[in-house]
Amino acid sequence: MTAIVATPVNPLYSQTPMVAAVVEPSSPVVVATVYKVTKDMKVGIGIKAPNGTLAISSIHPGSLFAMSDLRVGMELQSINNQSMSGKTVQEAANLIKDAVGEIIIVAGWNLSFSSPLTAVPMASALLAETEEPEV
């Protein structure tokens with residue numbers, strides 16, 4: 001098991017938001033945890049439901065989840081230990097919006113398929129992202 005912990009410095013909040021992700025090398029699943037200080041605080045993640053499956057549609061740079069291993073396109077399995085199966089985008093968004101304190105998102109690639117998956121090493125994914133010029 002590989003654990004990644006980061007503490008972004010944000011002078012706007014009295015407590016430093018915590019970001020942690022646990023990644024199993026043989027698993028396509030990521031567990032990301034952030035600490036939301038107030039109900040009004042944004043976590044910077046977008047959710048859509050292409051083909052009826054809740055998925056991450058955006059992660060804003062500098063947001064709480066920006067430093068996690070969550071990636072755009074990952075399917076949401078659970079938010080704060082509540083299954084996302086059968087949930088709407090609004091229900092998932094409300095779970096995050098209404099939360100104060102720890103928010104735990106479990107997401108992964110192709111979770112609705114039972115076929116074995118090959119994970120791309122994170123270093124390769126980062127190289128691919130940086131080879132494209134910023135606009």
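I began with K39, which is partly exposed because its relative accessible area is 47%; here buried means under 20% relative accessible area, exposed over 50%, and partly exposed in between, with a 1.4 Å probe and protein chains only. I note that this is a predicted model, in which local features need pLDDT of at least 70 and side-chain atom pairs count only at pLDDT 80 or more, while totals for chains, interfaces and linings use all residues. Residues are numbered from 1 along each chain as its sequence is written, and side-chain values use heavy atoms, with hydrogens and water left out.

**Entry on the salt bridge**

Which side chain meets that of K39 in a salt bridge? I found D98, with 3.7 Å from N to O, where a salt bridge is a side-chain nitrogen of Lys or Arg within 4 Å of a carboxyl oxygen of Asp or Glu. The pair joins distant parts of the chain, since D98 belongs to helix α1 (residues 89-98) and K39 to the loop between β3 (29-36) and β4 (45-48), 59 residues apart. For the naming of elements, I used DSSP runs numbered from the N terminus, with helices as H or I of at least four residues and strands as E of at least two. D98 is partly exposed, with a relative accessible area of 46%. By this rule I count 1 salt bridge. Side chains of opposite charge can pair when their charged atoms come close.

**Entry on the second largest pocket**

I then looked at the second largest pocket, which holds about 300 Å³ of space. A pocket is an open set of points on a 1 Å grid over the protein atoms alone, where a 1.4 Å probe fits, with protein on both sides within 12 Å along at least five of seven lines, and lining residues have an atom within 4 Å of a point. The volume is the space filled by probe spheres set on the points, which are joined across faces, edges and corners. The lining has 14 residues, and K42, V43, I45, I96 and K97 lie nearest the centre of the pocket. Both β4 and α1 supply at least two residues each to this lining.

**Entry on L70**

Is L70 buried or exposed? It is buried, because its relative accessible area is 1%, and I located L70 in the loop between β5 (55-59) and β6. Leaving aside neighbours within four places in sequence, L70 is in contact (heavy atoms within 4.5 Å) with V30, A32, I45, I56, I59, F65, I105 and A107. The C-alpha atoms of L70 and V106 are 8.7 Å apart, although 36 residues separate them along the chain.

**Entry on N80, N81 and S83**

N80 lies in the loop between β6 (75-79) and β7, and N81 is also found in the loop between β6 and β7. Neither is a glycine, yet phi is positive at about 50 degrees for N80 and about 65 degrees for N81. N80 counts as partly exposed at 25% relative accessibility, whereas N81 counts as exposed at 70%.

I placed S83 in strand β7 (residues 82-83), and at 43% relative accessibility S83 counts as partly exposed. Not counting residues up to four places away in sequence, S83 touches Q77 and S78. I also noted that a polar atom of the side chain of S83 lies 3.1 Å from the backbone nitrogen of S85. From C-alpha to C-alpha, S83 and V106 are 9.3 Å apart in space, and they are 23 residues apart in sequence.

Methods: A polar contact is a pair of N or O atoms within 3.5 Å; within protein, one must be able to donate a hydrogen and the other to accept it, and residues adjacent in sequence count only if both atoms are side-chain atoms.
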